[in-house]
Structure formats: C-alpha cells, structure tokens
Number of protein chains: 4
Amino acid sequence: MIIVLEKGISDEKIENVIRHLEDYGFTVHKSTGEEQIILGAIGIQPNFDTRKIKILEGVSAVYRVTEPFRLASRGYQKENTKIKIGDVVIGSNDVVTIAGPCAVESEEQIMTIAKIIKEGGAKILRGGAFKPRTSPYSFQGLGEDGLKLLRKAGDEFGLAVITEVMDPGQVELVAKYADIFQLGARNMQNFPLLRELGKTNKPVMIKRGMSATIDEWLMSAEYILASGNKDVMVCERGIRTFETSTRNTFDLSAIPVIHKKSHLPIIADPSHAVGIRDKVIPMARAAVAAGADGLMVEVHHDPADALSDGPQALLPEQFFELMDQVKKIAEIIGRKA
Amino acid sequence: MIIVLEKGISDEKIENVIRHLEDYGFTVHKSTGEEQIILGAIGIQPNFDTRKIKILEGVSAVYRVTEPFRLASRGYQKENTKIKIGDVVIGSNDVVTIAGPCAVESEEQIMTIAKIIKEGGAKILRGGAFKPRTSPYSFQGLGEDGLKLLRKAGDEFGLAVITEVMDPGQVELVAKYADIFQLGARNMQNFPLLRELGKTNKPVMIKRGMSATIDEWLMSAEYILASGNKDVMVCERGIRTFETSTRNTFDLSAIPVIHKKSHLPIIADPSHAVGIRDKVIPMARAAVAAGADGLMVEVHHDPADALSDGPQALLPEQFFELMDQVKKIAEIIGRKA
Amino acid sequence: MIIVLEKGISDEKIENVIRHLEDYGFTVHKSTGEEQIILGAIGIQPNFDTRKIKILEGVSAVYRVTEPFRLASRGYQKENTKIKIGDVVIGSNDVVTIAGPCAVESEEQIMTIAKIIKEGGAKILRGGAFKPRTSPYSFQGLGEDGLKLLRKAGDEFGLAVITEVMDPGQVELVAKYADIFQLGARNMQNFPLLRELGKTNKPVMIKRGMSATIDEWLMSAEYILASGNKDVMVCERGIRTFETSTRNTFDLSAIPVIHKKSHLPIIADPSHAVGIRDKVIPMARAAVAAGADGLMVEVHHDPADALSDGPQALLPEQFFELMDQVKKIAEIIGRKA
Amino acid sequence: MIIVLEKGISDEKIENVIRHLEDYGFTVHKSTGEEQIILGAIGIQPNFDTRKIKILEGVSAVYRVTEPFRLASRGYQKENTKIKIGDVVIGSNDVVTIAGPCAVESEEQIMTIAKIIKEGGAKILRGGAFKPRTSPYSFQGLGEDGLKLLRKAGDEFGLAVITEVMDPGQVELVAKYADIFQLGARNMQNFPLLRELGKTNKPVMIKRGMSATIDEWLMSAEYILASGNKDVMVCERGIRTFETSTRNTFDLSAIPVIHKKSHLPIIADPSHAVGIRDKVIPMARAAVAAGADGLMVEVHHDPADALSDGPQALLPEQFFELMDQVKKIAEIIGRKA
C-alpha cells in the first residue's frame with residue numbers, strides 16, 4: 001500500500017499516520033521528495049480497507065499495490081489452468097465450443113439440438129433447467145426433469161454437459177447430472193453459492209456480472225479456489241454500459257486482460273452479449289480472433305418457438321458455417337478448434 | 001407492443017408479421033401513414049420477448065408499451081404503501097431514520113451504538129450478522145450470535161431492527177430475530193431468495209443492484225409482491241458508473257422517479273453510495289430534500305476500529321448534527337423527521 | 001509516481017526500470033519489502049505518460065500520485081475562489097441562482113422571463129443565443145440578435161447575464177454582450193476554445209462533460225487558469241450512465257468532492273440533469289442541501305411553446321416556490337440564498 | 001411517434017392530447033385495446049421534442065419510432081457508401097489499413113514509419129499535427145510543419161494521408177495537406193466544426209465520442225451529409241464504461257450494428273481503445289473478424305521515445321505479423337486485406 005501525504009504536512013501528522021500503519025501490522029518505508037512525502041506500507045493484508053488510512057489527517061491519497069486476489073493470479077501460478085472433462089481440455093491450445101439451447105424444453109428438443117451441435121464439432125452441451133428470469137411470470141425451467149434430459153442427451157451424443165445452478169440448496173442435485181456448473185452473471189457475487197461450489201469437485205464456469213470489474217470477477221473465482229476447487233474458468237458475456245443498441249456491450253478486451261492477470265481459462269458468450277442472432281456470428285468470430293479459450297453459443301433448430309431467448313439462438317446452418325470459420329481463425333493464431 | 005415496419009415493405013411481409021402476432025395471441029391494429037406503417041399489438045403478455053417480432057423480415061423496430069411490472073406500479077395502486085413496524089410507519093409523511101453499524105461486532109458495540117442512535121431520533125437499528133464480502137478472506141459476520149445481539153439491543157432501546165439475509169436457507173433463522181429483511185444490492189436478482197422472502201410476513205427492503213435500472217429494481221419488488229408479501233420498500237445506495245471519486249454514484253433522481261412509477265416507499269443510503277464519512281452528511285441532507293421516505297446511515301462510536309466499513313460510519317456528534325438538519329429540511333417540504 | 005515491481009524480479013530488470021526513470025528525469029527511491037519491491041519516482045512531470053514505465057519488463061503496476069491539475073487544486077490555493085460580477089459573488093457564503101430560458105427566442109420572451117426570475121430572487125439571467133443541437137435540423141439560436149436581447153433584459157432588470165460560446169471564433173462577439181461565458185458539456189474538452197477563453201478577462205462556467213471524470217473536468221479548468229484567467233467555476237449537469245429513466249444521472253456527490261479537491265465554485269444544473277420539470281424541483285433542493293454554491297435552472301412563462309427544452313423549464317409559480325424552499329435550506333446549513 | 005395513454009384516461013384528456021399532436025402538425029391514429037389506448041402520430045418531424053407530449057396529462061409513455069438521422073440511414077441508401085481516395089476504396093470489399101504514429105514528430109520519424117507501414121501493406125498514413133491533449137502542459141503537435149511533413153511522407157511512399165482537425169478555423173489549412181479529415185472523439189459533437197467539414201469536398205472520418213450512443217454518432221455524420229459532403233466514414237475507438245483495466249471498452253458490436261443501421265463504412269481503432277500494445281494485436285484481429293471495413297493502428301519504430309502515446313504503438317515486426325494475420329482473417333470472411 002502506498003500513502004501519499006499532503007504537501008506541507010506537519011511531522012506530528014506524519015508520525016500519526018506511521019503509527020496507525022504499524023498498529024495495523026504494516027512495515028513502513030518513507031520516501032522524501034522535493035515536493036512530497038510518500039509512505040510505502042508493506043505486509044500481507046489482502047483485505048485491508050484502505051479508507052482507514054485515507055481518512056487520517058494529512059493523507060492525500062492511498063493506493064493498493066497488490067491485487068486483491070491471490071490464487072487466481074498469474075503471479076501465483078505461471079502455467080495456464082487446464083480443466084479436463086473426459087477427452088476435452090479447456091485452457092489448452094484447443095478452442096472448445098459449448099453449444100445448445102437456452103433452456104431444456106423437451107426430450108425431442110434437446111436430442112435434436114445435441115445431434116446438431118455434435119455434428120458441428122461442439123464438445124459440450126449447454127441447456128438451462130433452472131432459469132433466472134427477471135420476471136416472476138416467465139418460464140422458470142423444467143427443474144430436475146430438465147437436468148435428466150440434458151444428461152441423457154449428453155450421454156447419447158458423447159458430449160459433456162453444463163447447466164446453471166442458482167442456489168446453494170441446488171448444488172447437490174445439479175452435481176448428480178452435470179459435468180460443469182455454470183454460475184450465472186446475476187449470481188457472480190452470491191457468496192454462499194460460491195462457497196458451496198468450492199466444496200464440490202466439478203469444474204465451475206463463472207459468468208461475469210453485468211457491472212463487475214475484471215478484478216471483482218477474479219475475486220469470485222478466488223472464493224471457489226480458496227474453498228479447494230481448482231477447476232475454475234470465467235466467461236465474458238457482456239457488460240452494462242450506456243449503449244442500448246445491443247443487449248450488453250461485449251467486452252472482448254477482457255480476453256487478453258484475463259490472460260495477463262490470471263491463469264484461468266476464459267470462454268466468450270456472444271449470444272447473451274449481443275442478444276440478436278445476426279450479430280452473434282461476427283462477435284463469435286471476433287472472440288476467437290481475440291484469443292478466447294472457448295466459445296459458448298446458443299443453437300436452436302426452431303428458435304421461433306423456443307421458450308426462452310429464441311431470437312439470439314443460431315439456426316443449425318448458421319452454426320455449421322460459424323464452426324467452419326472458427327476453425328480457420330483458430331489456425332491462423334496457432335490454435336485448434 | 002408497437003411494431004414499426006420498414007418503409008416500402010411488401011404486403012406479403014406485412015401479413016406475415018400480423019400472422020405471427022396473432023399466433024402469439026395479440027390483437028393487431030394497423031396504422032398507415034404517408035411514409036410508414038405501424039402496427040399496434042394489444043394483449044396482456046407482460047413477459048413476451050419482443051425480439052421474436054424484431055427478427056421478422058420487414059420489421060424496423062419494436063417497442064414494449066407496458067411496464068414489465070404490475071403489482072409494484074402506481075397504476076395498480078394509487079395510494080402509497082404504508083409499512084407498519086410497531087409505531088413506525090414507513091411510506092407515510094414521516095421521514096424515518098435507520099441507523100447503526102455496518103456489522104454487529106460485540107454486545108458492547110451494538111448496545112453503545114443503539115443508545116446513540118435512539119438519542120439522535122432513529123427509529124430502526126441496522127447491523128449485519130451475515131456480511132456479503134467480495135473477498136473470501138474478510139470478516140464474514142457473527143452469524144446467529146450477531147442476530148441475537150441485534151435483537152437484544154433493539155429490545156433494550158425500543159428500536160425495530162433490520163438485517164441482511166443472503167441465502168434462502170437463512171430466511172427462517174433471520175425471521176426469528178429481525179423486524180425487517182434487508183436484501184443486499186448483490187442479491188437484488190437472487191430469484192430463489194426473492195421468492196422465499198415473498199412467503200414471509202415481514203417487510204423487505206430491496207437495495208438497488210449496482211447496475212440495476214429502476215425498472216429491474218421494481219421487477220425484483222414484483223417477485224416478492226407476487227408471492228404474497230405486500231410490505232416491500234426499496235433503497236437507493238448508488239449505482240456503478242465511470243466516475244471513481246466516490247465508491248458509487250448516488251442516483252438521487254431515483255427518488256422522484258420511483259415516487260412517480262410506484263407506490264412503494266424509497267429509502268436512501270448515502271453511506272454505501274459515497275463511502276467516505278465527510279461526504280455522507282451532505283448527501284443525507286440532499287436525499288431528504290429530494291423527498292426520500294427514509295434514511296439509512298451507518299453510525300459507529302469507534303469507527304477506526306470497526307471490523308467493516310468504518311471509514312463511512314458517522315461519528316455520534318456528526319449523527320446528531322445531521323439528524324437536527326434533517327428534521328428542519330423535512331419540515332420545509334411539509335414532512336416530519 | 002509509484003512503481004510496483006513483479007515478485008521475484010531480477011536485479012538486472014530492476015536496474016533497467018530505475019535507469020529509465022532517471023533518464024526521464026525522476027529521482028528514484030527503492031523500498032524493499034518481504035514480498036515485493038516498490039519504487040517511488042519523484043519529480044515534477046504532471047503529464048508524464050505512466051504507460052511508458054508500465055510496459056517495461058518486470059513492472060507490475062504504476063500509480064500516478066500527483067493530481068494531473070495544479071492551479072485548480074485545493075493544495076495550490078486553500079481559500080475558495082470568489083468570482084465577483086457586479087454585486088454578486090460566486091464562491092462566497094451566498095448561494096447564487098442563475099435562471100432563464102434555454103434559448104433566447106424573442107424580446108418579449110426574454111423580458112417577461114427576466115422580470116419573473118428577478119422577482120424570484122435570481123441574480124443572473126441565462127439564455128442561449130448559439131445552441132448546440134444534436135440534430136442539424138433543429139433550431140440553432142438567434143445568434144447576435146439573441147445576445148443583444150439578453151444584454152438588454154439583463155440591463156433592464158439589473159441582472160448579470162451568462163450565455164454559451166461554442167467556437168473560438170465567437171469568443172470576441174459573445175464577450176461584447178455577456179458577463180459570464182458558459183462552456184457547454186459537449187465542449188468541455190474543446191481545447192482551442194478553452195485556450196481562447198483563458199485569454200479573456202470574463203468569468204467562465206465549465207459544464208461537466210457527459211462522460212467526464214471529476215479530474216478531467218478540473219483539467220479543463222486548468223487550461224483556462226493556465227492561460228491567465230482566474231475566474232473559473234464548474235457546473236454539474238448530469239453524467240451518462242446505463243439508467244435511462246432520467247435524461248442523465250445527476251451526480252450530486254460531485255459537490256463535496258469538488259469542494260475537497262478544488263477551490264473553484266460549483267454550480268448545479270438540475271434542469272439538464274433530469275430533463276423533466278417535475279423532477280427538477282426536488283433535485284434543485286437536493287443540490288443546495290448538498291452544498292452547491294449556486295443553482296442554474298430553466299424558467300419559462302410559456303414552456304409549451306418554447307423553441308427548445310420547454311419540458312424541463314419551471315413555470316413561474318414553481319420557480320417562486322423553489323426559491324422560497326432554497327432560501328430556507330441554505331439557512332439550515334449556514335448559508336444565504 | 002407512438003403515445004401510450006394511461007389506463008382509465010378520460011375522453012377529455014384524450015381529446016387534449018390529440019389536439020396538441022394535430023397542432024404540432026401530426027396526423028393521429030387511435031388504437032383502442034381492452035386495457036389501453038395507443039395513439040400513432042405520423043408526420044415527418046425528425047427533431048420533435050417528444051417530452052412536449054410526455055408532460056401532457058394522461059400520457060403514460062412516448063416512443064419515437066423514426067430514427068433521428070435520415071441521410072445516414074440504410075433506409076435512405078441501400079448500397080454501401082464507397083469512398084475513393086486515389087486507388088483506395090473504403091467501404092468496398094477491401095479491408096483498408098490506416099497506420100502511422102500518434103503525432104508527427106520530425107521528418108526522420110514520419111519518413112521511417114511511412115516506409116514501414118507501406119511495406120506492411122497499409123494504404124493510408126496517419127499522424128497528428130494538432131493534438132487534443134487533456135493537459136495544457138503536454139506536447140500539442142507541430143502544427144502546419146507537421147502537416148507538411150505528413151504530406152511529404154505520403155507522397156514519397158504513395159500513401160494517402162489522414163490527420164485530425166480540431167477547430168473550424170483550421171479546416172482550410174488542413175485541407176491543403178490532408179486527403180482525409182479526422183474528427184476526434186472529443187469533437188464528435190463540435191457542431192460548428194461538423195458544419196465546416198460538411199462544406200469541404202474531402203472525406204471525413206468521425207471518431208465515436210467516449211460516451212456517444214450509436215445514434216448520436218450517426219447524427220454527427222448526418223450534420224456533414226446534410227451540409228453536402230457525402231464522403232463520411234465512422235471510427236469505433238472505445239467507449240467509457242466502469243471498467244478501468246483498459247483505457248476504454250472497445251465496442252466491437254458497433255460494427256454489425258452500424259452495418260445494419262447505416263450505409264457508411266466503419267473503421268476500428270484498437271490502439272486508442274485498449275491503450276497498451278500487447279492488447280492492440282488481438283483486438284485488431286477481432287475487429288476484422290467482426291467485419292470492420294478498415295483498421296487504424298498506431299505504429300512507431302521507436303515507441304519508447306515517442307512524444308505521445310508511445311506505449312500503444314506497435315513495433316514494426318508486430319505490425320507485419322498483424323497484417324499477415326489480418327489478410328488471412330479477411331479471406332475467411334470473403335474479403336480482401
């Protein structure tokens with residue numbers, strides 16, 4: 001932590017700031033410049049509330065110089081985290097595609113779509129059984145029946161399956177059927193749920209909260225890592241900004257930023273980010289070009305009748321064309337899709 | 001729902017759009033102008049996904065013309081909702097103050113602070129027992145022991161008590177001790193928790209999510225109202241913007257906006273919004289001048305040693321001065337504090 | 001400037017960073033902690049691009065510890081800047097009201113409104129002659145004729161006058177008629193215009209850009225101060241956020257923040273911030289309660305026929321009532337309106 | 001324009017709203033549903049202030065159904081605008097690269113860099129002569145000398161040249177040397193400058209304002225188009241959001257959105273968006289994958305000593321590698337770079 005003192009601060013006030021820092025357990029270094037005095041406070045206190053120093057008299061500014069997360073940082077682990085689910089390895093040189101409908105609606109629906117995505121080259125099947133809906137009057141998912149259908153479709157077509165869990169009380173149930181837990185954007189800071197997921201031994205994909213900074217996102221990963229589960233990946237799905245032409249603003253720069261700050265794999269979900277089918281394709285290509293470790297896209301054979309988010313689902317032929325382009329783009333940057 | 005068609009659209013395409021609308025159960029009215037044709041689709045479908053129409057050929061734009069919430073709207077209930085907790089009525093002409101520490105830390109602490117806030121004129125004691133913390137390494141609250149101490153302090157000084165609940169599994173426990181449930185900003189869209197709170201018979205205060213629009217905030221209220229609990233109030237606590245000089249941007253305009261759109265009371269929490277003590281006081285005054293139905297402020301007799309958020313807590317003498325100013329400002333606008 | 005080095009950095013790389021800093025003219029202090037080495041680089045280079053250091057190998061983070069502005073800072077000048085225009089002093093204990101129509105439309109209009117605002121207690125008359133309009137097809141203002149009418153109305157009723165200048169080429173013309181230059185939000189970073197205004201000897205009010213941080217806003221003030229004109233005030237008028245219920249989000253916390261960082265007076269303009277008349281009044285009261293040094297409100301005797309921004313203009317009776325409340329609120333916080 | 005009336009509105013109030021609309025020149029259609037009455041107001045008034053209707057009694061909501069721009073819309077012109085500068089055509093199937101230093105610093109510098117970018121395959125040379133700087137103390141550019149050097153380098157290597165113009169008074173001077181005018185993000189709503197550029201016969205590239213919506217951006221294009229200059233292109237360079245890990249948030253979704261709404265070409269500038277060299281390359285690739293009509297990147301042979309924005313400039317070998325990847329990605333989507 002760095003403390004910048006006000007110009008012309010009295011010796012007494014400097015002493016007071018140093019005493020406080022030492023009381024909080026820091027070792028203090030003082031640098032005296034021509035114009036300004038700066039204190040460096042060293043000591044491992046990742047959660048120290050810097051405002052405690054900021055409110056002392058004579059303090060001009062306080063900077064935290066260590067990242068608030070530790071286990072999630074590239075400094076802690078240099079090599080990329082590789083998450084193995086059967087034959088699939090996320091975080092490797094492969095660009096892995098997760099595809100499927102927004103929600104599991106029926107056996108026929110999930111079987112039909114699983115077949116399509118397998119054909120297109122996806123490795124993991126997505127499909128919601130518990131749906132977070134902003135309206136209490138909307139379709140809320142099939143619950144356990146949905147989980148069973150998802151599992152059945154995965155087994156039938158040799159696909160791993162991922163589905164959302166919304167509540168600590170659901171973790172055990174979901175674990176019976178899914179290979180990967182999806183933590184939704186609205187639950188990114190649901191701390192009881194994060195802790196519960198940390199106790200499982202299945203991979204977790206954390207969607208970025210709509211207004212979460214990259215550091216906060218990695219702090220949520222830290223919760224799971226600190227509880228003992230090392231298989232964490234993150235998923236960019238758009239942030240909320242002033243622009244309303246798209247559902248969210250797809251922050252693709254997060255891909256190189258995460259790769260620099262952390263060893264965790266990053267997936268990109270253009271379907272939720274832009275919300276309309278014809279913009280999903282260019283954004284999916286862009287995500288792979290930007291270095292994403294995986295793609296998550298919604299696919300539906302009959303989107304006009306989908307119970308949820310139909311307008312953002314790709315049609316089968318669009319999905320095949322996209323997968324073809326994605327393979328070629330991955331190759332250009334030395335990866336495999 | 002209003003559908004604006006593209007200029008020069010063919011009759012066939014118009015028919016196709018109308019047929020889709022009718023299939024979805026809408027009654028359609030067509031208005032033909034010199035330049036453009038507009039369709040009005042009427043029918044009660046609050047959750048219809050307008051993108052289903054937006055993706056049809058020849059459609060230029062689609063507008064939802066009904067608010068997504070119903071029970072929370074001023075149209076549904078003209079008179080203000082009044083929430084009674086003992087002698088206190090929130091949503092009346094009174095401006096009610098909720099005060100206390102960020103977290104319950106010890107019996108001595110909560111008793112000392114309860115005495116101070118009672119003296120200052122607050123009616124409700126706040127204090128967290130379960131704390132949502134962005135870091136897994138931070139103080140997480142005293143749990144049930146904290147709830148007991150909070151209750152004891154409330155009873156001793158004749159104050160109602162409010163505390164945060166973070167998990168559907170905690171609702172029953174918290175209900176044993178608290179008079180009002182606080183739903184934190186990070187849980188504003190925790191739908192299982194909202195549904196659980198809807199089944200209780202105690203008032204709920206919903207803090208605005210950091211990136212929640214006012215309509216989404218009222219949709220969260222709708223969840224609780226739709227589950228049968230009518231005693232809902234909302235609490236503005238700052239939104240996330242590009243400005244970083246304050247912890248959040250305190251959106252005081254939300255006060256008149258909520259009063260226009262909804263019959264639910266609105267409380268203002270300047271402590272979390274601005275995050276530093278010396279800015280809490282002017283913002284608290286401003287909130288009352290803007291018409292807030294209540295204030296929520298953090299007070300601590302020894303903020304330097306507070307385990308959580310000390311720097312934003314008011315000192316006792318600051319709190320007394322603020323309460324004095326608040327009373328006078330309330331009077332100017334014909335209210336009582 | 002503070003440079004945080006990566007853990008385990010080699011001595012060679014440390015030397016390289018230090019050499020670069022010294023080449024750029026800084027004096028370097030090194031603090032070695034258990035886990036991390038921190039460098040303090042001291043030297044007066046307000047505009048040094050910190051990324052030049054951030055890209056060096058072994059550098060983990062770089063923090064600028066001095067504010068980018070100097071003349072505008074409270075550190076440079078402890079006492080509030082007081083701007084005198086005739087009998088009016090902005091930045092004193094008085095809360096000064098600026099009122100008038102959005103645009104000067106006719107002699108009758110400006111005379112009628114000037115009379116009303118004088119009666120209500122305003123000291124300064126506003127009215128646009130050159131209007132910045134997002135559409136090329138909108139009313140663009142009366143130009144010099146508007147300036148003449150504004151001056152005439154000000155002289156007739158003993159009011160100072162303020163009006164917007166949009167272009168360096170207009171400065172001389174506007175200076176002939178106005179007492180105060182208004183720099184619009186869209187021109188906050190029009191640097192040629194800032195420089196030109198710095199050469200005049202009339203006060204300038206800088207509206208905050210829609211996406212300007214408080215520091216950038218003060219940097220614009222710095223441009224004028226550095227060019228020799230000391231009479232600068234700033235005006236909060238709302239920032240752009242994700243919330244669309246109001247035209248902009250009125251950032252009232254900027255008032256205590258500016259008062260802490262700078263000696264310049266701050267005016268609040270609720271009319272542009274919220275954009276609808278019935279929300280202007282509570283927000284105007286809130287601004288005074290938050291400590292604004294002045295208010296700017298739009299008033300129109302016939303807003304339904306106003307050529308610009310009629311819906312946000314207060315009716316005369318609303319203005320009188322507001323002024324009455326403002327006087328009382330100012331008194332509560334020890335000021336005079 | 002669509003007007004949604006309040007439920008249970010009286011006939012008298014309906015008549016009043018209709019009368020106002022007709023007075024403003026609209027033709028009104030009334031649709032009466034079970035629950036709600038909707039009015040459609042038809043008539044060509046692109047700049048009508050919808051708040052004039054919103055404030056009438058009994059009005060619940062007002063929607064503008066026509067886009068505020070006309071000449072810039074895809075509805076007005078179906079085919080893409082193609083801008084020819086010598087042999088280069090922007091807006092065609094070619095993906096055009098604009099490259100060069102942030103600022104022209106010396107003859108040696110601009111000649112060296114022009115040679116490099118020519119070799120890499122760029123068609124247009126960029127370089128600032130007048131620099132918009134947030135600080136009055138920063139390097140402000142070489143002025144006319146810079147323009148002369150830029151022209152000389154362009155001529156020497158057969159490259160068109162683009163440079164920023166900041167002030168209506170500079171337009172004539174810049175036109176003497178440049179092939180394309182660049183309008184900076186901070187000047188996107190500098191209306192006098194937009195009008196002046198509309199009177200020239202040289203292409204204009206409009207950078208998106210940091211907080212400009214896509215519609216506002218196209219409105220700025222509309223200003224130039226309406227003044228008679230048809231050669232307008234837009235340039236995405238990042239928007240301001242809450243995320244601070246990158247300089248701005250690069251809104252790549254704007255590319256498919258602009259292509260749908262408008263016929264104008266869109267260029268992507270990853271250098272300003274992300275601000276650090278190592279993130280520029282993946283974002284440049286992503287922009288081409290997303291369908292950009294051109295790229296603008298900063299290149300410098302000696303970025304450590306660049307007078308402005310050195311840290312975001314690509315090194316020559318990075319530029320060559322990027323150009324190679326860009327060519328291959330363009331091919332995958334059926335274009336040529």
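Begin by selecting Glu6(A), which lies in the loop between β1 (2–5) and α1 (11–23) of chain A. Helices (H or I, at least four residues) and strands (E, at least two) are DSSP runs, numbered from the N terminus. The model is a predicted one, in which local features need pLDDT of at least 70 and side-chain atom pairs count only at pLDDT 80 or more, while totals for chains, interfaces and linings use all residues. Residues are numbered from 1 along each chain as its sequence is written, and chains are lettered from A and ligands numbered from 1 in the order in which they are written.

Is Glu6(A) buried, exposed or partly exposed? Glu6(A) is partly exposed, because 16 other C-beta atoms lie within 10 Å. By definition, a residue is buried if 20 or more other C-beta atoms lie within 10 Å of its own, exposed if 12 or fewer, and partly exposed in between, with C-beta atoms placed from the backbone.

Neighbours within four places in sequence aside, Glu6(A) is in contact with Gly58(A), Ser60(A) and Gly75(C). Two residues are in contact if their C-beta atoms, placed from the backbone, lie within 7 Å.

**The sheet of chain A**

Now display the strands of chain A, where an open sheet of 4 strands runs in the order β2-β3-β1-β4 with antiparallel pairing. Two strands pair if DSSP finds at least two bridges between them. At the edges are β2 (27–32) and β4 (59–63) of chain A, each of which pairs on one side only. From one strand to the next, the twist averages 20°.

Select β1(A) and β4(A), which pair in the antiparallel sense over 4 bridges. Within this pair, Ile3(A) stands opposite Val62(A) of β4(A). Then show α1(A), which packs on the sheet and touches β1, β2, β3 (37–42) and β4 of chain A. The direction of α1(A) makes about 10° with that of β3(A); axes are lines fitted to C-alpha atoms, for helices over the stretch in contact, and angles run from 0 to 180 degrees between N-to-C directions.

**Where chains B and A meet**

Select chains A and B together: 39 residues of chain B are in contact with 39 residues of chain A. On the chain B side, α2 (51–54), α6 (191–198) and α7 (214–226) each supply at least two residues. The largest share, 5 residues, comes from α7(B).

**Where chains C and B meet**

Turn to chains C and B, where 32 residues of chain C are in contact with 32 residues of chain B. On the chain C side, α8 (254–261), α10 (277–289) and α11 (316–332) each supply at least two residues, and α10(C) gives the largest share, 7 residues.

**The nonpolar core**

Finally, select Leu295 in each chain. The largest nonpolar core has 383 residues, and Leu295(A), Leu295(B), Leu295(C) and Leu295(D) have the most contacts inside it. Such a core is a set of buried Ala, Val, Leu, Ile, Met, Phe, Trp, Tyr and Cys residues joined through C-beta atoms within 7 Å. A second, separate core of 35 residues includes Ile3(A), Val4(A), Val17(A) and Leu21(C).
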